[in-house]
Amino acid sequence: MLAETLAAIRPADPHAMAEAQAYQDRLTKPRGSLGQLEEIAVRLAGAAGVTPPPMPEPAALAIFAGDHGVHARGVTPWPQEVTVQMVANFLAGGAVANAFAAQAGVSVTVVDVGVAADLPDGPGLVKRKIGYGTDDMSKGPAMSVDQAVRALETGIGVARDLVASGARCLITGDMGIANTTASAALIAVFAGRDPAEVTGRGTGIDDEMYQHKVDVVRDALRTNGLSGSLISPSEALRALAAVGGFEHAAIAGLILGGAAARVPVILDGVIAGAAALVAAALDPAALDHCVAGHRSAEPGHAVALDHLGLRPLVDLELRLGEGSGGLLAHPVICAAVRVMHDVATFDSAGVTEKPV
Ligand SMILES: O=C(O)c1ccc[n+]([C@@H]2O[C@H](COP(=O)([O-])O)[C@@H](O)[C@H]2O)c1
Ligand SMILES: Cc1cc2nc[nH]c2cc1C
């Protein structure tokens, strides 16, 4: 399924992009006056291979939940059971992601890829547990390569199912206590940075716990023999398995699945940024189908986005996850595309253009 998905991914169509850019310039507004929105609409035209690009709606948020063996190293102040408790909260409609999704008219699907407790069946929950949390990456690989591939393929499957049910835009979401530690390790490896540059304070930690967290990320890289940038697909899978989480792998899969279906994927925060590095290492063309919804307060997120060449749309200093930043960006992206559908040209509206 992974190989088939990678084979189906096409890079952006340069003709559709050129056509979209030329069309932007004919619309009744000064050239470039919509700033980044013009760039977004042109990118989505390239991704879809058509101008104007289809409206990215309805949109679907997929929240992938998983636990982390590295939690045992004391890298977060929150107990691990908050992951399963927050999954219940998503399903009951009580989380920030539910409020933002309701505001934006986006559906919410929760996928258990590796929560360390059993969840009851219920509407809105997709049960795809690969393990009861990963192993401690500071002691050895967090997952086997086989588990990492299964998690990737779970994300691909979720993308396929959501698109088959009518979604025309996918938004990444995550829930996993301690997953900012795994995100920092992935970003250090894939962007070739020192752990101190890419480790952040996650849910909010003091200076002492922060120093310890950086040391744990360093331990994980050393134990797993990872240093410098990795680029080949087989190395990418090994690195993902060594220091990633089930939700990182599944989000990378969602990105690849969305790209293969030519449906835009809005990336959320640092967890999605780390997952996008993995997806890009497997196929850089997948990035042509991604929009960075926002920039989170985690320092590793800016590093990941810079490395990927993606420009975040919104910067509200969020550090929540769940898909919150991606959800806030969705109406902005819809507005960018709607301009291409609705706005009159200078010719059609009889508006005089600026003399050249
Ligand atoms: O999206 C982000 O950039 C982000 C930044 C900080 C924290 N989080 C969320 O907080 C949890 C992980 O934080 P921590 O401190 O336990 O590693 C996890 O559930 C993430 O969704 C998310
Ligand atoms: C309460 C809480 C909600 C979250 N949502 C995403 N990560 C989270 C972490 C915590 C601790």
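**Figure 1. How the chain's radius of gyration fits a compact globule.** In this predicted model, a compact globule of 356 residues would have a radius of gyration near 21 Å, and the chain comes in at 20 Å, so the two agree. Along the principal axes, the C-alpha atoms fill a box of roughly 70 × 45 × 40 Å. You can count 15 helices and 6 strands along the way.

**Figure 2. What's tucked inside the chain.** Of the 356 residues, 56% count as buried. Now look at the contacts with a separation of 6 or more: residues 24 or more positions apart make up 77% of them.

Figure 3. The unreviewed UniProt entry lists Glu322 under "active site". To find Glu322, follow the loop between α13 (299-308) and α14 (324-342). Is Glu322 buried or exposed? Glu322 has 28 other C-beta atoms within 10 Å, and 20 or more is enough to be called buried, so Glu322 is buried.

**Figure 4. Who touches Glu322?** Skip the neighbours within four places in sequence, and Glu322 is in contact with Ile63, Ala95, Val96, Ala97, Gly173 and Met175.

**Figure 5. The shell around ligand 1.** There are 23 residues around ligand 1, and Thr76, Gly202, Gly269, Ser296 and Gly321 come nearest. Sort the shell by type and you get 7 nonpolar, 11 polar and 5 charged residues.

Figure 6. At least two residues of the shell around ligand 1 come from each of β4 (169-175), α7 (179-191) and α12 (270-282). Which element gives the most to this shell? That's α7, with 3 residues.

Conventions. Residues are numbered from 1 along each chain as its sequence is written. Chains are lettered from A and ligands numbered from 1 in the order in which they are written. This is a predicted model: local features need pLDDT of at least 70, side-chain atom pairs count only at pLDDT 80 or more; totals for chains, interfaces and linings use all residues. UniProt positions are given in the numbering used here, feature names are shortened, and annotations may be inferred rather than shown by experiment. Helices (H or I, at least four residues) and strands (E, at least two) are DSSP runs, numbered from the N terminus. A residue is buried if 20 or more other C-beta atoms lie within 10 Å of its own, exposed if 12 or fewer, and partly exposed in between; C-beta atoms are placed from the backbone. Two residues are in contact if their C-beta atoms, placed from the backbone, lie within 7 Å. A residue is near a molecule or strand if its C-beta atom, placed from the backbone, lies within 6 Å of it. Ala, Val, Leu, Ile, Met, Phe, Trp, Tyr, Cys and Pro count as nonpolar, Asp, Glu, Lys and Arg as charged, and the others, Gly among them, as polar. The radius of gyration is taken over C-alpha atoms; the globule rule is 2.2 Å times the number of residues to the power 0.38.
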